[in-house]
Amino acid sequence: MNKQQLLFYILELEGTFVFAMSGATASKQHGLDLFGIIAIAFIVACGGGIIRDVCIGSIPPAGLKNWYYLVTSTVASGITIALYSFIQRLKHPVLFFDAIGLSIFAVTGAQKALLYSQNAEVAILLGTTTAVGGGLLRDVLLKRIPVILRKEIYASAAVVACIIVVLGNHFKWISSGWVSIIAVSTCFLLRILSLRYKWHLNFFFTKKSNH
Amino acid sequence: MNKQQLLFYILELEGTFVFAMSGATASKQHGLDLFGIIAIAFIVACGGGIIRDVCIGSIPPAGLKNWYYLVTSTVASGITIALYSFIQRLKHPVLFFDAIGLSIFAVTGAQKALLYSQNAEVAILLGTTTAVGGGLLRDVLLKRIPVILRKEIYASAAVVACIIVVLGNHFKWISSGWVSIIAVSTCFLLRILSLRYKWHLNFFFTKKSNH
Amino acid sequence: MNKQQLLFYILELEGTFVFAMSGATASKQHGLDLFGIIAIAFIVACGGGIIRDVCIGSIPPAGLKNWYYLVTSTVASGITIALYSFIQRLKHPVLFFDAIGLSIFAVTGAQKALLYSQNAEVAILLGTTTAVGGGLLRDVLLKRIPVILRKEIYASAAVVACIIVVLGNHFKWISSGWVSIIAVSTCFLLRILSLRYKWHLNFFFTKKSNH
């Protein structure tokens with residue numbers, strides 16, 4: 001395992017950890033019991049990747065097969081429960097780490113889908129699914145309209161990262177290591193800057209929500 | 001591609017288009033942003049087929065692999081957003097085109113499932129899933145009790161079409177082209193007549209809803 | 001088919017039947033039509049197993065392929081509709097049979113996942129999914145926060161049964177028949193005793209629900 005692989009490995013565990021924390025926090029807010037919290041945390045962290053693996057035929061899905069995903073998300077649940085009142089005040093750090101998770105999951109998801117399917121569209125759609133699928137399942141299970149369908153520049157940042165992965169793989173201008181780094185950074189910056197400057201995608205129509 | 005294949009191809013794109021429009025309209029009503037609208041439109045149009053393909057082992061699913069599904073549903077989203085106030089008044093035409101989509105998706109879904117699994121029950125269940133799965137996902141994501149579980153003679157019309165496909169394939173009374181045409185027409189007529197004459201399936205019990 | 005296989009076969013049909021009844025009862029409470037009731041009953045009875053089969057690559061899923069699951073769940077729906085007012089008073093017997101279904105589905109699910117994947121974690125996660133997945137889908141489709149994420153010692157009993165299956169298979173202390181019997185009995189007792197004595201998993205934190 002070279003340095004770059006090690007970095008991605010660490011970042012993927014970091015993404016698993018942060019996504020699991022977001023799932024555990026939301027479950028605790030909804031009054032779930034211990035099993036419910038651990039289950040939702042695992043689903044947020046691994047749900048998107050499991051959908052991707054089922055769709056590309058990587059059976060059984062990595063999220064079910066590799067114990068460190070389950071261990072990481074369970075540890076994240078434990079820490080969330082233990083430090084709950086502290087974590088609730090952590091809005092900015094959590095958004096920061098969540099943006100890292102989003103970027104990493106989009107890029108590694110798109111790369112795996114490309115490897116298995118050799119199809120650009122599959123890579124873009126399933127890379128995005130890897131990044132946002134878990135959060136979507138969390139909101140469905142907790143009876144909320146999925147945040148990613150309402151919050152601006154979240155899934156769209158993942159789509160941009162996946163497109164960079166596909167273009168980089170197709171044109172081979174630079175090494176695949178650099179492609180990954182550029183894709184992750186772009187997604188991360190788009191997400192963070194959109195939070196900072198309140199960018200959004202509603203340039204086509206004024207927002208008339210019925211809520 | 002002969003004339004009949006061309007007809008089915010056009011009808012399938014029509015079904016994709018109309019289902020995507022229904023998804024985009026529902027998303028706009030719920031105040032989703034541009035990405036959310038395009039995502040829900042795509043899920044309504046392709047979700048049922050993706051579930052079918054995962055269950056029969058057609059990997060990666062056609063809905064993710066063939067770019068024209070995504071393009072069709074994105075164009076349908078754009079048109080829905082641009083002509084929103086006009087489309088809201090179009091109730092009857094939309095129900096008409098939706099009935100065509102339902103019939104086509106049921107028949108092509110049952111045929112594909114039969115081809116892969118050689119199992120009549122799989123064909124009936126997954127043909128129906130192809131036709132109604134997308135709408136079901138739409139309602140789950142938008143936090144509604146799925147309309148297809150409440151509205152009468154919608155999924156049941158798809159079931160009838162799938163049974164005709166399976167019987168036609170088994171007994172080979174007539175060419176498979178005619179089987180498709182009879183199945184599509186039966187589903188379409190059942191659906192349209194049930195709308196016109198308010199047929200429903202509650203002949204076993206009076207409806208006592210707690211809503 | 002020897003005596004033990006016959007017993008498990010009967011118990012699996014019993015589980016299918018009881019899970020379908022729970023789905024049909026919930027659907028009737030929510031005012032669904034006949035098709036909706038049969039569909040939800042089938043999804044509760046077979047949904048967990050279908051997710052398991054897709055994740056281990058057993059294609060097409062047993063729940064879609066073997067007609068007796070669909071027949072059993074449809075018969076259960078018919079009986080539920082016919083005897084609705086009687087069944088609503090049956091709370092204790094239903095919980096008793098549901099605990100049998102939970103135990104059987106967890107053990108047979110874990111065994112099948114182990115057979116296909118040869119991976120202990122996959123067996124535990126997918127055995128539990130087999131047991132609780134259908135109920136989870138029911139609650140999502142009927143717009144409820146999944147009961148299994150809130151009710152104590154339900155999914156956790158299934159997890160314990162799956163761990164016994166995996167340990168029994170690994171260490172081979174006793175015959176696999178005895179492992180199954182021990183696993184099923186443990187899950188069943190845990191569930192029944194937790195109902196009787198109101199055990200729960202919230203020993204880490206006092207319950208502060210926002211509902």
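Biologist: Where is A:Lys28 found?

Modeller: A:Lys28 belongs to helix 1 of chain A, which covers residues 3-29. Helices here are DSSP runs of H or I with at least four residues, strands are E runs of at least two, and both are numbered from the N terminus.

Biologist: And is A:Lys28 buried or exposed?

Modeller: A:Lys28 counts as buried, because its relative accessible area is 11%. The cut-offs are under 20% for buried, over 50% for exposed and partly exposed in between, with a 1.4 Å probe and protein chains only.

Biologist: How far apart are A:Lys28 and A:Ser77 in space?

Modeller: From C-alpha to C-alpha they are 9.7 Å apart, while in sequence 49 residues separate A:Lys28 from A:Ser77.

Biologist: Before we move on, what are the ground rules?

Modeller: This is a predicted model, where local features need pLDDT of at least 70 and side-chain atom pairs count only at pLDDT 80 or more, while totals for chains, interfaces and linings use all residues. Residues are numbered from 1 along each chain as its sequence is written, chains are lettered from A and ligands numbered from 1 in the order in which they are written, and side-chain values use heavy atoms, leaving out hydrogens and water.

Biologist: Thanks! How many helices and strands does chain A have?

Modeller: Chain A has 9 helices and 0 strands. Of its 211 residues, 56% count as buried. Taking the contacts in chain A with a separation of 6 or more, 75% are between residues 24 or more positions apart; contact means heavy atoms within 4.5 Å.

Biologist: At what angle do helix 2 and helix 7 of chain A pack?

Modeller: Helix 2 (residues 34-56) and helix 7 (residues 120-141) of chain A pack at about 145°, and their axes are 7 Å apart. Axes are lines fitted to C-alpha atoms, for helices over the stretch in contact, and angles run from 0 to 180 degrees between N-to-C directions. The crossing of these two chain A helices is right-handed, a term used when the near helix is turned clockwise from the far one by less than a right angle, with anticlockwise giving left-handed.

Biologist: Which residues of helix 2 and helix 7 of chain A meet there?

Modeller: Helix 2 of chain A brings residues including A:Gly47, A:Gly48 and A:Gly49, and helix 7 of chain A brings residues including A:Gly133, A:Gly134 and A:Gly135. By class, that contact between helix 2 and helix 7 of chain A has 10 nonpolar, 8 polar and 2 charged residues. Here Ala, Val, Leu, Ile, Met, Phe, Trp, Tyr, Cys and Pro count as nonpolar, Asp, Glu, Lys and Arg as charged, and the others, Gly among them, as polar.

Biologist: Over to chain B. How do helix 2 and helix 4 of chain B pack?

Modeller: Helix 2 (residues 34-56) and helix 4 (residues 67-82) of chain B pack at about 130°, with their axes 9 Å apart. That makes helix 2 of chain B oblique to helix 4 of chain B: angles under 35 degrees are roughly parallel, over 145 roughly antiparallel, 65 to 115 roughly perpendicular, and the rest oblique. This chain B crossing is right-handed.

Biologist: Which residues meet between helix 2 and helix 4 of chain B?

Modeller: Among them are B:Phe42 in helix 2 of chain B and B:Tyr69 in helix 4 of chain B. The contact of these chain B helices divides into 10 nonpolar, 3 polar and no charged residues.

Biologist: What about helix 8 and helix 9 of chain C, what's their angle?

Modeller: About 165°, with axes 8 Å apart, for helix 8 (residues 155-171) and helix 9 (residues 176-197) of chain C. That makes helix 8 of chain C roughly antiparallel to helix 9 of chain C. Residues in the contact include C:Ala157 and C:Ala158 of helix 8 of chain C and C:Cys187 and C:Arg191 of helix 9 of chain C.

Biologist: And what is C:Leu102 in contact with?

Modeller: Leaving aside neighbours within four places in sequence, C:Leu102 is in contact with C:Ala157, C:Ala158, C:Cys187 and C:Arg191, among others.

Biologist: Which kind of peptide bond joins A:Ile59 and A:Pro60?

Modeller: A cis one, with omega about -10°. A:Pro60 sits in the loop between helix 2 and helix 3 (62-65) of chain A. Most residues other than glycine have a negative phi, and most peptide bonds are trans.
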